[in-house]
Amino acid sequence: MILQESISTAVDAIRANLMRSLLTTIAIVIGTASVIAMVGIGSSAQRAIDDSITNLSARTLTVYPSRGRGSQTVNASPLVIKDADALIKDQEIKWRITPEIRGSKTLKFGNESISISVIGVRENYLSIQGYEVEEGLFLTERDDLARKRIAIIGSSVGTELKTSSKALIGKDIDLGGVTFKVIGMMKSEGSSGWSNPDEQIYIPLLTAADRLFGRQIVDSIRVEVPNTYSPEEAMISIERVLRREHDIGPGEENNFRINDWSQFTDLQKQATAIFSALIIGIAGISLLVGGIGVMNIMLVSVTERTREIGLRKALGATHQAILLQFLIEAVTLCIIGGVLGVVLGSGIYLLISIWQDWVFTIPFSAIFGSVTFSACVGLFFGIWPARKAARLEPAVALRYE
Amino acid sequence: MSIIAVEGVTKHYALGTQTVEALRGITFEIQKGEFIAIMGPSGSGKSTLMNIIGCLDSPTHGTYFLNNQEVSTLEGDELAGIRNKEIGFVFQNFHLLARNTALDNVMLPLKYAGVEKAEQLARAKAALSQVGLEDRMDHQPSELSGGQQQRVAIARALVNNPSILFADEPTGNLDSQTGHDVMQLFHNLHAAGQTIILITHENEVAEEAQRTIFIKDGLIESDSTKEVA
């Protein structure tokens with residue numbers, strides 16, 4: 001009975017000072033929203049990372065030049081196509097290798113014109129990356145050697161040109177002033193977090209080198225290591241071949257670096273964990289600040305309503321009844337903040353998951369947990385004001401001006 | 001049978017380093033069904049006496065029996081229980097909850113008494129009918145006139161069938177005609193057997209009661225009963 005009465009009184013009191021109450025809950029809203037958004041984003045990012053790991057059928061290593069990656073950068077010892085050929089010719093390990101030449105070009109089709117990431121690769125790129133062709137064909141070794149002007153488009157390139165990717169197959173497109181024929185379209189892979197293969201165009205490596213970008217310098221060399229070798233063994237072999245190719249004497253440092261993809265994802269996981277911890281920390285501080293805000297406003301409320309408290313006591317309200325009334329008001333305030341925070345946090349996460357093409361899933365435990373935690377903040381910070389109210393002397397409180 | 005028996009009641013307050021003796025030894029009895037006025041100038045100890053008889057405060061010394069139960073030794077929630085069951089308060093400035101309807105205001109003491117919801121409603125409606133406000137039950141205080149608000153307060157005071165109806169300057173915030181109507185309501189309740197204690201500093205209001213206790217400097221200066229005409 002008293003509980004029900006207290007809840008309706010609390011809601012009335014909050015409604016009576018709606019603006020003040022909502023402003024008070026802002027810190028609670030921010031705290032809860034960060035937790036919800038972070039839990040959602042964290043789990044989606046984790047899923048994306050896990051997916052990209054399983055996409056790689058075997059260990060993939062990537063070789064980069066030491067300094068500077070783009071064609072603009074002056075680089076004393078860049079990676080060139082010949083380095084990749086040397087790795088292929090070296091028979092110590094049966095690896096599969098594709099160099100990558102990347103660059104941004106203007107893509108024109110009809111009246112549409114967009115800037116797009118173009119990547120020149122060999123025919124084995126598909127199997128190294130674990131990608132698949134949705135429709136049409138991928139390039140062949142013969143296409144590469146013939147430096148054919150053909151292109152395979154990512155699944156969402158068509159949409160950006162205000163048509164469908166399928167409709168582009170067989171059509172001619174203009175890439176940086178060179179005409180290419182679209183021969184195929186990739187299956188949608190979804191963003192991996194740092195690049196989106198769906199928004200790229202693939203062309204033969206040698207076409208890219210000789211006809212589009214006019215350079216032998218590659219941005220990276222991707223190496224698929226068979227399961228029978230450890231990445232360490234493969235790294236030693238790659239190092240040996242490239243040091244020879246680059247004429248690096250004993251004791252001199254490598255002018256290239258080899259990235260282990262899985263190490264990279266480990267780093268990514270660590271970064272995500274650090275980021276989560278940071279956000280949880282911020283959330284904790286906002287909830288603390290929010291709790292103090294709620295305590296403050298409850299103290300104001302107790303003072304403002306001293307005569308009401310006096311009256312309630314005169315009519316027979318016990319210490320416990322008054323305590324409960326104000327405690328419930330504080331908790332209700334925090335729960336409202338918590339629920340608003342869940343809505344806001346889910347909204348933020350929804351927008352990000354749409355943008356990043358992620359699956360939207362918030363565990364129920366996160367929602368339940370953060371609202372419950374908000375309620376506990378209210379309970380903790382509401383105790384002092386509520387005790388202050390409950391301890392008022394009725395005779396004094398009734399005459400309070 | 002005396003409903004109130006006060007004997008040798010004193011009340012001391014600590015005010016800084018000084019001790020203020022607000023009441024210096026009060027003794028009187030009130031019989032069931034009496035209509036009594038307690039008068040006195042401000043600073044006389046009238047309010048302190050009212051707090052003690054109304055169970056809002058405890059005396060420093062002396063005994064107070066209400067309905068043959070000693071209440072001078074009780075404190076906190078025990079006194080809250082006594083106030084809830086035995087005493088109905090009517091205040092000068094009505095003291096209604098602004099955001100609640102007349103009906104909700106009248107139901108409040110029953111909620112603290114732990115009465116069933118259906119019975120709360122029935123008794124609150126009956127009390128509002130008793131003061132002639134059956135058609136104003138869903139109005140909030142701001143939608144009622146001063147006289148109507150005071151009648152809601154009287155209905156709230158009556159809803160628990162208290163032993164004493166306690167009215168502290170009940171007409172102080174009302175114009176004379178409305179004040180007269182409210183006094184008429186008290187007379188009707190008195191005629192129906194209700195014990196009423198009126199706290200006032202106005203002779204005119206005190207005249208309405210059968211008996212007047214005059215307090216001055218913490219002591220009873222006079223206790224006079226009117227001749228019944």
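A salt bridge is a side-chain nitrogen of Lys or Arg within 4 Å of a carboxyl oxygen of Asp or Glu. The model here is a predicted one. Both residues sit in helix H11 (residues 306-314) of chain A. They are four residues apart, about one turn of the helix. Both A:Arg312 and A:Glu308 are buried.

A:Glu308 has another partner. It also forms a salt bridge with A:Arg305, with the closest N and O atoms 3.2 Å apart. A:Arg305 is buried, as is A:Glu308. Which residues make up the network of salt bridges here? The linked residues are A:Arg305, A:Glu308, A:Arg312 and A:Glu329. Over all chains, a search of the whole structure finds 26 salt bridges.

Is A:Glu100 buried or exposed? A:Glu100 is buried, because its relative accessible area is 1%, under the 20% limit. A:Arg102 has 28% relative accessibility, so it counts as partly exposed.

A:Val118 belongs to strand E3 (residues 112-121) of chain A. Its relative accessibility is 0%, so A:Val118 counts as buried. A:Val118 and A:Ile203 are 85 residues apart in sequence, but their C-alpha atoms are 7.4 Å apart in space.

## Domains and annotated spans of chain A

Chain A is divided into two parts: domain 1 (2-52 + 266-398) and domain 2 (67-254). How many Å separate the centres of domain 1 and domain 2 of chain A? Taken over C-alpha atoms, the separation is 51 Å.

An unreviewed UniProt entry lists residues 282-394 of chain A as "domain: ABC3 transporter permease C-terminal". In the model this span is 87% helix and 0% strand. Its end C-alpha atoms lie 42 Å apart. The unreviewed entry also gives the annotation "transmembrane region" to residues 21-42, 273-300, 321-352 and 358-384 of chain A. Residues 273-300 of chain A are 100% helix and 0% strand, with end C-alpha atoms 40 Å apart. Residues 358-384 of chain A are 78% helix and 0% strand, with end C-alpha atoms 45 Å apart.

## The six-stranded sheet of chain B

Now for chain B. Six of its strands form an open sheet in the order E6-E7-E8-E3-E9-E10, with mixed pairing. Which strands stand at the edges? They are strand E6 (87-90) and strand E10 (219-225) of chain B, each pairing on one side only. Neighbouring strands of this sheet are turned by 20° against each other on average, direction ignored.

Inside this sheet, strand E3 (residues 35-39) and strand E8 (residues 195-200) of chain B run parallel. Five bridges join them. In E8(B), B:Thr200 is the bridge partner of B:Met39. Helix H5 (residues 146-158) of chain B lies across E6 and strand E7 (164-168) of chain B. The helix runs at about 170° to E6(B).

## The four-stranded sheet of chain B

Another open sheet in chain B has four strands. Their order is E2-E1-E4-E5, and the pairing is antiparallel. Strand E2 (18-31) and strand E5 (69-70) of chain B each have a single partner strand, so one side of each is left without a neighbour in the sheet.

Strand E1 (residues 2-15) and strand E4 (residues 61-66) of chain B pair over five bridges. B:Ala5 has B:Phe65 as its bridge partner in E4(B). Helix H1 (residues 46-53) of chain B lies across E1, E2 and E4 of chain B, at about 60° to E2(B).

## An enclosed helix

Why is helix H3 (residues 102-113) of chain B largely enclosed by the rest of the structure? Ten of its twelve residues are buried, so the rest of the structure largely encloses it. Among the buried residues of H3(B) are B:Leu103, B:Asn105, B:Met107, B:Lys111 and B:Tyr112. Just after H3(B), B:Gly114 takes a positive phi of about 80°.

Terms used:
Residues numbered from 1 in each chain as written. Chains lettered and ligands numbered in written order. Predicted model: local features only at pLDDT ≥ 70, side-chain atom pairs only at ≥ 80, totals over all residues. Heavy atoms only, no water. Buried < 20%, exposed > 50% of the residue type's maximum accessible area, 1.4 Å probe, protein only. Helix = DSSP H or I, 4+ residues; strand = E, 2+ residues; numbered from the N terminus. Domains from an automatic or database assignment. Pairing = 2+ DSSP bridges. Axes fitted to C-alpha atoms, helices over the stretch in contact; angles between N-to-C directions. Contact = heavy atoms within 4.5 Å. UniProt positions renumbered as here; feature names shortened; annotations may be inferred.
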